[in-house]
Amino acid sequence: MKNLKLKIKTTFTLFAIAACSYSYQVHAQVTVGSNNPPAKAALLELKNIEPNDPASPTDANNITVNDKGGGLGLPRVKLVNINTLQPFIPTGTDWTNNTDKIKEKHAGLMVYNIYVSPDGEDADKTFSQGIYVWDGAKWKKMIDGTAQRYFYMPSFTIKLVEGNDPQECDLYAEYKKQFTNDSNNPLFVSSNTGLARVPSPEKQRLYAKDELDYAITYYDKNVIDNVSINANGVMKYDVISLNTNANSFVNIVFIVK
């Protein structure tokens, strides 16, 4: 009898383990808000009603939350550094050595940042309010898809000196000057007397040098030639002639990385 009880007990234990394993696999896809199963490709779905045979993604029948539901509330946090996972993970030995690929394993982590950095903050500590996603190496802010990803350099005059080639022009410095309302740009005028600068759409500050790519799409080859531009926004060129006309301009585009 003892052996029989032992066998029955062992069999029941194995059955329970198998049942739990099966149950875990069945419920690996989860719906929060209702007992309805999630869409086939969704690991997690938030809904309290089922879509009613929608004709298109924007069809009113495709709604899955009514007035008794709600949206996803992301965790609110004050981020510390664009290159770290603080305040969640300290920058100790495990972080420095990237133990167990800790950085890569957190790729896709999403939070709502409420920290707005002050003017003059270091570039790697500059944040604005909004949703950020960790890409495995740094935080990236999610922005409106309609945000402008490039802008043109405002008009300004470059020096033309014959026989002193190559010559240089710091395009980034000129951008910083023209987009800032201070003593270096006394011609800056705005309807908003408190406007200190023309900020970037998503960062609410001037772009840093390494946040931009620089492109030249046109220049008058009768006036300058051998034009190049480096990663810091410094343009080099040779002066061919001082005889300028209506076509003697350079078209400069700044592209947000």
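1. Aspartate 100 sits in the loop between helix 2 and helix 3 (102-105). Helices here are DSSP runs of H or I with at least four residues, strands are runs of E with at least two, and both are numbered from the N terminus. The phi of aspartate 100 is near 55°, a positive value in a residue other than glycine. Its relative accessibility is 59%, so aspartate 100 counts as exposed. For accessible area, buried means under 20% relative, exposed over 50%, and partly exposed in between, with a 1.4 Å probe and protein chains only. Lysine 101 is in the loop between helix 2 and helix 3 as well. Lysine 101 is not a glycine, yet its phi is positive, at about 55°.

2. A word on the basis. This is a predicted model, in which local features need pLDDT of at least 70 and side-chain atom pairs count only at pLDDT 80 or more, while totals for chains, interfaces and linings use all residues. Residues are numbered from 1 along each chain as its sequence is written, and side-chain values use heavy atoms, with hydrogens and water left out.

3. Now the overall picture. The protein has 4 helices and 12 strands. Of its 257 residues, 26% are buried. Take the contacts (heavy atoms within 4.5 Å) between residues at least 6 apart in sequence: 49% of them join residues at least 24 apart.

4. Two cis peptide bonds deserve a look. One joins glutamine 86 and proline 87, with omega about 10°. Proline 87 belongs to the loop between strand 3 and helix 2 (93-96). Another joins aspartate 165 and proline 166, with omega about -10°. Proline 166 is in the loop between strand 7 and strand 8.

5. Pairing requires at least two DSSP bridges between two strands.

6. Strand 5 can be followed from both sides. Strand 4 (residues 110-113) pairs with strand 5 in the antiparallel sense, over 4 bridges. Strand 5 (residues 130-134) also runs antiparallel to strand 6, joined by 3 bridges. Valine 133 faces methionine 110 on one strand and lysine 140 in strand 6. Tryptophan 134 is opposite tryptophan 139 in strand 6. The hairpin of strand 5 and strand 6 has 4 residues between the strands, and glycine 136 takes a positive phi near 105° there. Is strand 5 largely enclosed or open? Strand 5 is largely enclosed by the rest of the structure, because 4 of its 5 residues are buried.

7. Which residues of helix 4 (residues 171-178) are buried? They are Leu171, Tyr172, Glu174 and Tyr175. These residues span an arc of only 160° around the axis, so they lie on the same side of helix 4. The arc is taken from the directions from the helix axis to the C-beta atoms. The cover over the buried residues of helix 4 includes strand 7 (150-152), strand 8 (167-170), strand 9 (212-219), strand 10 (224-229), strand 11 (234-239) and strand 12 (250-256).

8. Strand 10 and strand 11 run antiparallel, joined by 4 bridges. Isoleucine 229 has methionine 235 in strand 11 as its bridge partner. The two strands form a hairpin with 4 residues between them, and glycine 233 in the turn has a positive phi of about 85°.

9. Aspartate 210 is in the loop between helix 4 and strand 9. It counts as exposed because its relative accessibility is 56%. Its C-alpha atom is 9.8 Å from that of alanine 123, although the two are 87 residues apart along the chain. Asparagine 245 is in the loop between strand 11 and strand 12. With a relative accessible area of 47%, asparagine 245 is partly exposed. Asparagine 245 and valine 223 are 22 residues apart in sequence, and their C-alpha atoms are 9.3 Å apart.

10. Last, the second largest pocket. It is lined by 20 residues, and Asp119, Gly120, Glu121, Arg205 and Leu206 lie nearest its centre. A pocket is an open set of points on a 1 Å grid over the protein atoms alone, where a 1.4 Å probe fits, with protein on both sides within 12 Å along at least five of seven lines; lining residues have an atom within 4 Å of a point. The volume of this pocket is about 430 Å³, counted as the space filled by probe spheres set on the points, which are joined across faces, edges and corners. The lining has 8 nonpolar, 6 polar and 6 charged residues. Nonpolar covers Ala, Val, Leu, Ile, Met, Phe, Trp, Tyr, Cys and Pro; charged covers Asp, Glu, Lys and Arg; the others, Gly among them, are polar.
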